[in-house]
Structures are given as C-alpha cells and as structure tokens.
Amino acid sequence: MSSQNISLHWEVPVLAESDVCVVGGGSAGVAATVAASRAGAHTILVEAYGYLGGTSTAGLVGPLMTSYSSDGSQPVIGGIFQEVVDLMVELDGAIDPSQVEGGTAFGAFIQVGHARLTPCSPEALKLATMQVVEKAGCRVMFHTSFLQAQVDKNQVTGIVVHNKAGLGIIKAKVFVDTSGDADVASSAGVPFTVGRIGDGRMMPATMFMRLGNVDDAEVQAWADAHPKEALFESIVQQARKEERWVGISREYLNLYREPEPGVYRANITRLLGIDGTNPDDLSRAEMEGRRQCLQVFRFMREYCPGLKNAKLLETASRIGIRETRHIHGLYTLTGEDVVAGSQFPDAIARCAYPIDIHDPLGKRHSDIPLGYQPEQPHIVNPDAPLYYEIPYRCLVPEKLENLLVAGRPISATHEGAASARVIPPCYATGQAAGLAAALSVKTDCRVSNVDTAKLQERLREQGAIV
C-alpha cells in the first residue's frame, strides 16, 4: 500500500509560556529543570509519563553506573545527581556509591567500570526525583507528549504537545531537549547521525526485569567458586551447546543486586536491529523483550543456584534503548577523547565510565577503560587518566540559537556516546544545559554565546564537579 499524506489544520491554544522549557523528565531532564529553576528562570518540564526518572524508572535501568574516577578514589559527578542519591539513601532505597566496591553482587560481580556505582530501588528514585524537582519550584506537566517543534529562522519558537486536554503549544525563550532521542532537535531540523559511522547500526535494546526471593548466599557462593567467569557463564554456554539457550545473544546472566536483600535487576535480554525512533520497531521490541524475559526467568529458576525460588516482580514499563540519534554539535566527543582523558576549556562535566559497546550484531560486548592499551589489553594501566571531560559545545546543536541537547543524544560518536550515555553523566550534562539555558535568558544571548567561564562557576556553586 502506498503511503499517503493528509493535510491537517488546527487552531491550538497556547498552554504556557516560560523562560525555559525542558522536554523529557529522565535523568538529564530532572537535572536541567532543577538547575534552570534554581538559577531564577521560570521553567516548565514536559514529561509523557506520570513520574520522573525516564529510563532508570520506566525502563528499570539500574544500578546507576559509576560517578567516580577511573581508580575509584574520588567522585567526578556530584551536584544534582548526588542530591538525588542522598534523598534515596534517606529513604533506605539506595547505597551511596562511595560504599560500593567493584566485583560485588551490586555490580554483577564485574570489576571494570562497576565500582562506585549506585544500587537503588526504582520506587525510591521516583520519589527522590519528584522531591528535588518540587523543591526547585518549577512547573511539571505530566502525561504530556512532545509532537513537533515550531521554528522561525534559527529559533525554536514553541513546541506542539498533546495531553488529555488535546493539542497545545508551549512557548519559551530557550528549550532544552532531554527526550533521550533528540526528538525536539530532529523536529527542528538539527543534523544528526544515527548509530555507528559506516553502517548506522545501533546498539541493541534491552527489556529489564526485577527479581525477588533470590538466595543471595547461593549466588555469592557460585561467584566465589568461579572467579574467572561472568555470572553463570558456564551454565549459559552449556545450555547454548545443548540448544536450551536459543534466541538470546547474552553469554551470561547480568544480575545486579538492589539494596534490599534478595532483589535483583536483570539486564539480560537483547533485541537486535531496533531503531528506537521507529514505532514499529519499538512495538516489536516490547513484545519480544517480554518474551525473552519469560524465557530467561524460567531458565534461571531451573538451572541457576540461588534462583530456583526466584519470583518475577516486574518487567519494565518500556524497552531500554542504548542508542539512537547523535546530534551534530559544535564539538563531537569521540572514543579517543574518552580513552585519552581529554580535557577542554569549556568543560561542563566529567566522566570515567568505560566505552561500553554492546555490539549491534549481538557479539559479546566490550568495555574499553580510560587509558586502554590495545597492545596490552588485559593489563590495567596504572597511568590511566582519572576522567575525561565533556565540553559545553557537545550540548549546542548546529543551526539553532535557543536549543540545547543533554543526556544520551549529545554530540558524540558511537564510541564516545557508549561512555557518556549512562545515568550519572546524563545528570551532569542536564544540569549544565539547564543552567546554561537560564544564563542565556538572563543575558539575552544565543546559547552558543553563553560565557562558559561563568557557567562553570555557577555549576560549582550548584555542587557540580567541573
């Protein structure tokens, strides 16, 4: 059947006007909203769900990966991220990253990149993000979905949204796109790259699930008895040979313990060839992801020590997407920047998470740490950089004067984004974007002309580490 276009003409009300409008209430969106509001900008947050947290709540993605230096000696991400962590700890829903060592059940018994992470409950995260946003005094519009950007010359003049009241327009002086997929930027005509250079393939998607009633001691005992293996790897590989593990490319069981004993987050399923901006692909991923969850759950109960009496608590409300669009910004973060620990005069965030690439074709994923030496890949480099920096220019898209992009789709290559995509740096880039948006409004300048020295100073005042 040939495609058809139908022309529609609507008269839509202006629902609100503000200094700053943040689109998407995930990690970057929470931080951007709070930062802009605290800087005195009237701020509106638009969020499609009825709660905040994005992929770490709706997608059950957890734990929150490392916010510390490559050697684990010092935090490199603070600010609003750490405030949220502190609130979760108060609720007994998280463990502070300073207390989490590598190679433990909280990090799936993995060493590289899995020290100083934040185990947490998704419900605690919902409450903590709500508290920090409420306290900032901004306006939150839940159950409201972004549809289209209105652009006049080089300015986004408004966004069309939809909610239970129908269609409407939100106007703002500066917009911050924290949609996770650069939806606003794409709609506004910002150039972007999809996936990796060359073939455009994107990292696979994952449907997370949570398990309860796991025997922690039995799981720990198996890990202790198999120190050179990933968790239950030999069990999975034997099952693969006997065709009892079919249709799932993961080679082991990636299980992360939450603060509550016996409760684990399972990052195991893999959905290949999914374009997270294509609704048909997303629909297929949601269905196939839950089917894989059921298959994995039954396998774990039958074959894995400590999991024989496990209970399936929930599958995620939405599929977890690792990669879609990478905007073309004023600077593009590369894998070389990550490994070399590159630093920049306009740095607005630090990160030390390795380049964590889940192969688009389903091969075993690789972790490339800072200071990686390809000639000695199994040797830890004692002179590895403690962190790399993300420049402000990665948040500033080409062409538009009043739009910033933060979180997963910042200007980065496939390899650079594979490090910067995780939750803590999303908070950090979000905080920088929100504060920069407020400064742009207050000084009446383009976002590209924001005084980055002033931005860095104000970020430090807000507790960020730059």
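## Strand β13 and its partner

Alanine 349 sits opposite isoleucine 390 in β16. The two strands, β13 (residues 347-351) and β16 (residues 388-391), pair in the antiparallel sense over four bridges. Pairing here requires at least two DSSP bridges between the strands. Strands (E, at least two residues) and helices (H or I, at least four) are DSSP runs, numbered from the N terminus.

β13 is mostly covered, with five of its five residues buried. Buried means under 20% relative accessible area, exposed over 50%, and partly exposed in between (1.4 Å probe, protein chains only).

## Basis of the model

This is a predicted model, in which local features need pLDDT of at least 70 and side-chain atom pairs count only at pLDDT 80 or more, while totals for chains, interfaces and linings use all residues. Residues are numbered from 1 along each chain as its sequence is written, and side-chain values use heavy atoms, with hydrogens and water left out.

## Cavities

On a 1 Å grid over the protein atoms alone, a cavity is a set of points where a 1.4 Å probe fits but cannot get out; lining residues have an atom within 4 Å of a point. Points are joined across faces, edges and corners, and a volume is the space filled by probe spheres set on them. Two cavities of 30 Å³ or more are counted.

The largest cavity has a volume of about 80 Å³. Its lining has 15 residues, and Ile77, Gly78, Ala428, Ala464 and Ile465 lie nearest its centre. β13 and α10 are the elements that give two or more residues to this lining. α10 gives the most, with four residues. By class, the lining of the largest cavity has 12 nonpolar, two polar and one charged. Asp, Glu, Lys and Arg count as charged; Ala, Val, Leu, Ile, Met, Phe, Trp, Tyr, Cys and Pro as nonpolar; the others, Gly among them, as polar.

The second largest cavity has a volume of about 30 Å³. Its lining includes Tyr256, Arg257, Glu258 and Arg265.

## Asparagine 267

Asparagine 267 lies in the loop between β10 (264-266) and α7 (279-303). This residue counts as buried because its relative accessibility is 10%. Its side chain joins that of arginine 322 through a polar contact of 3.4 Å. A polar contact is a pair of N or O atoms within 3.5 Å; within protein, one must be able to donate a hydrogen and the other to accept it, and residues adjacent in sequence count only if both atoms are side-chain atoms.

How values were computed. On a 1 Å grid over the protein atoms alone, a cavity is a set of points where a 1.4 Å probe fits but cannot get out, and a pocket is an open set with protein on both sides within 12 Å along at least five of seven lines; lining residues have an atom within 4 Å of a point.
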